[in-house]
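Please read them with the structure open.

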Amino acid sequence: MPDTGKTLRPGLTLLILPILLMAGMAVLQAFQLGTEAAEGAGDLAWPDYLLRRMGQYKPALFKPPANGLLLGAYLLCSMVMAGVFATHGLRPTTELPEDPDHA
Amino acid sequence: MHAPTPMASAVRHPTGWLVVVLAFVLIQQMAWLAALPLWQSPDEPAHFHYVQYLAETGRLPRFDRSRPTNVSSPEVAYTEREAHLNDAAFHADHRPVTGSSAMGPGEERLAQSPPLDRLNDGNSTAAPYPPAYYGLAAGVYRVFGNADILTRVFAVRALSTVFVLLTVLMAWLLAAEVWRQSFIRAAFALIVGSQPMLSMMGVSVNNDAMLVAAASGLAWLLLRSWRVEPGVATGLGMGLCLGIAWLTKPQGMVLAPFIPLVTAGFAWHLGRSPGSWFRVMGGAAAGTALLVAPWLGYLQQAYGTTLPALGGLSPTPMTTLPRYLAEHVLQPGLSRTHTLWVEQYWGTFGWLDTRTHDLAYRIAEAFMWVGAFGAWRLARRGTAAQRAMLAACLVLTAGFLAALYAAEYQVVRGTGIPMLQGRYLLPVVLPHLLIAFVGCLGLARPERRGLVAGWLAAGFVAFQALSLLRVLERYYA
């Protein structure tokens, strides 16, 4: 693609703001989830309480502890993927320049 | 100075990024399977009625509005009652699970003998739908035929995940028509795979995900025909994608005009011969007819019409077009427009009763507006290829949206009830998101485009995590 963006260069830095906001909201949501689950958990640890309730009316694959492993794997992979994609673009590209046949 | 990340170092082959994205989306969908409670997805019991009837009887269900609809089989009714489906649906403050045990109330009963009866009468609100998805789902159901109902429902739910993965693959292929850099292709594929509403429908007993996958395949073939002149085989592929979409959900037929429209536009712009265009059309017509003709024959025989069996439509118009536009499209503040195409499109979960944070919707909306601005700018200053690609995406998105409104107008005329939901736009999720993605990248210098693509993808991964955590809070906390 040709360079059509010289005049808007400074505005691009604003792109990072909504991404940080999204990530921040996800972290806050996780805290809210933990806080609310802790209120109902009674003597149980709140993650245990949460995973047990998540397992209700589901096959064995999605009952604890398997659902906890799945959820944990997803959250970990999300953080890794977000980190990799946010930082990989910093690298100077080693790939071929764009093909003029491509848009 | 910029050391490659370990994962980036491992991704040496261009398709390595695709494998990484597909693996991540698979894990994400598994987490959604673990998170979404039984029956807490739009009309999921009705869709399961169809699957169960087809699997248990081997016959297509017959829709009859004069009889009671959605009467569950005894085992489904048992789970609906015990899982408090009717209390939780549309009531965001009600949680369908109770207690602190991993077994729900009455759950043990499902695995005990004698088993509850599986037969229903097939007269669900999903019964008029074409059979492609339900046939596949019934096959999955029968593979797990000896298991309890929970296993059967979740096995059928997992089928939808396959279609999400196919959609991500189509996003990768489509992006390859625009960019050679595999990282940018991967970023686009990841954005599509992280669309929260697609994720939820991708773990539901519902024909939506299959429609999205088929429509995405068609979008890829159509946009590819700019760079690679299509022949009979490509036309056949387009026709098969259209046929699968049509046989999955009636909305699929709306995609039909886009095949001649987009290919003719490209052929005219590139000076291709009319003969080659007619060959593409011949292939497309053959592919479509091969799949759809038997279904139309069945519809004619069973319902006396080849149109979707909506039922209850009155020949007397109940509203005029201006009144429809005023009440349902251009109402003050465009509140319904925002609800449909921002909130419901990006993600309102469960029975569409669970929203996430307003700010998240605003950010997603801003992404679309910034992308639209960038696309407009690119259309004015970019190359012919860029203009053609953007024009085709716009035709697909706007045309599909217009067709949805036209269909709703007909339904409102007949019943007075609007029927659109935001997720109905998902079949054009690829061209729709491509406009915004291309537009955002078009605002950046070439050496920064990888960075912008990566940031956008990271933002959507965060949006997805936010959505899943919100679902957990709504149902289990």
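1. Chain B holds 19 helices and 0 strands. Helices (H or I, at least four residues) and strands (E, at least two) are DSSP runs, numbered from the N terminus. Chain A has 3 helices and 0 strands; along its sequence the pattern reads α-α-α.

2. This is a predicted model, in which local features need pLDDT of at least 70, side-chain atom pairs count only at pLDDT 80 or more, and totals for chains, interfaces and linings use all residues. Residues are numbered from 1 along each chain as its sequence is written, while chains are lettered from A and ligands numbered from 1 in the order in which they are written.

3. Confidence comes next. pLDDT is the predictor's confidence in each residue, from 0 to 100. Chain B has a mean pLDDT of 90, with 94% of its residues at 70 or more. The model scores are ipTM 0.89 and pTM 0.92. Where pLDDT is low, the predicted coordinates should not be read in detail.

4. What is the radius of gyration of chain B? It is 23 Å, which agrees with the value near 23 Å that a compact globule of 477 residues would have. The radius is taken over C-alpha atoms, and the globule rule is 2.2 Å times the number of residues to the power 0.38. Along the principal axes, the C-alpha atoms of chain B fill a box of roughly 65 × 60 × 50 Å.

5. On burial, 53% of the 477 residues of chain B count as buried. For chain A, buried residues make up 34% of 103. A residue is buried if 20 or more other C-beta atoms lie within 10 Å of its own, exposed if 12 or fewer, and partly exposed in between; C-beta atoms are placed from the backbone.

6. The largest nonpolar core has 186 residues. Such a core is a set of buried Ala, Val, Leu, Ile, Met, Phe, Trp, Tyr and Cys residues joined through C-beta atoms within 7 Å. V21(B), V51(B), A187(B), A189(B), L218(B) and A462(B) touch the most other members. Helix 19 (residues 449-476) of chain B gives this core its largest share, 19 residues.

7. Take L218(B) from that list. Beyond its neighbours within four places in sequence, L218(B) is in contact with M238(B), C241(B), L242(B), A245(B) and L255(B). Contact requires C-beta atoms, placed from the backbone, within 7 Å. In chain B, residues 24 or more positions apart account for 80% of the contacts with a separation of 6 or more.

8. Now the interface. Here 74 residues of chain B are in contact with 66 residues of chain A. On the chain B side, helix 19 of chain B again provides the largest share, 19 residues. That side divides into 48 nonpolar, 17 polar and 9 charged residues. Ala, Val, Leu, Ile, Met, Phe, Trp, Tyr, Cys and Pro count as nonpolar, Asp, Glu, Lys and Arg as charged, and the others, Gly among them, as polar.

9. Helix 15 (residues 335-347) of chain B has buried residues L340(B), W341(B), E343(B), Q344(B), Y345(B), W346(B) and G347(B). Their cover includes helix 9 (196-201), helix 16 and helix 19 of chain B.

10. Two single residues to check. P14(B) sits in the loop between helix 1 and helix 2 of chain B. It counts as partly exposed because it has 15 C-beta neighbours inside 10 Å. R413(B) lies in helix 17 of chain B and, with 18 such neighbours, is partly exposed.

Notes: Two residues are in contact if their C-beta atoms, placed from the backbone, lie within 7 Å.
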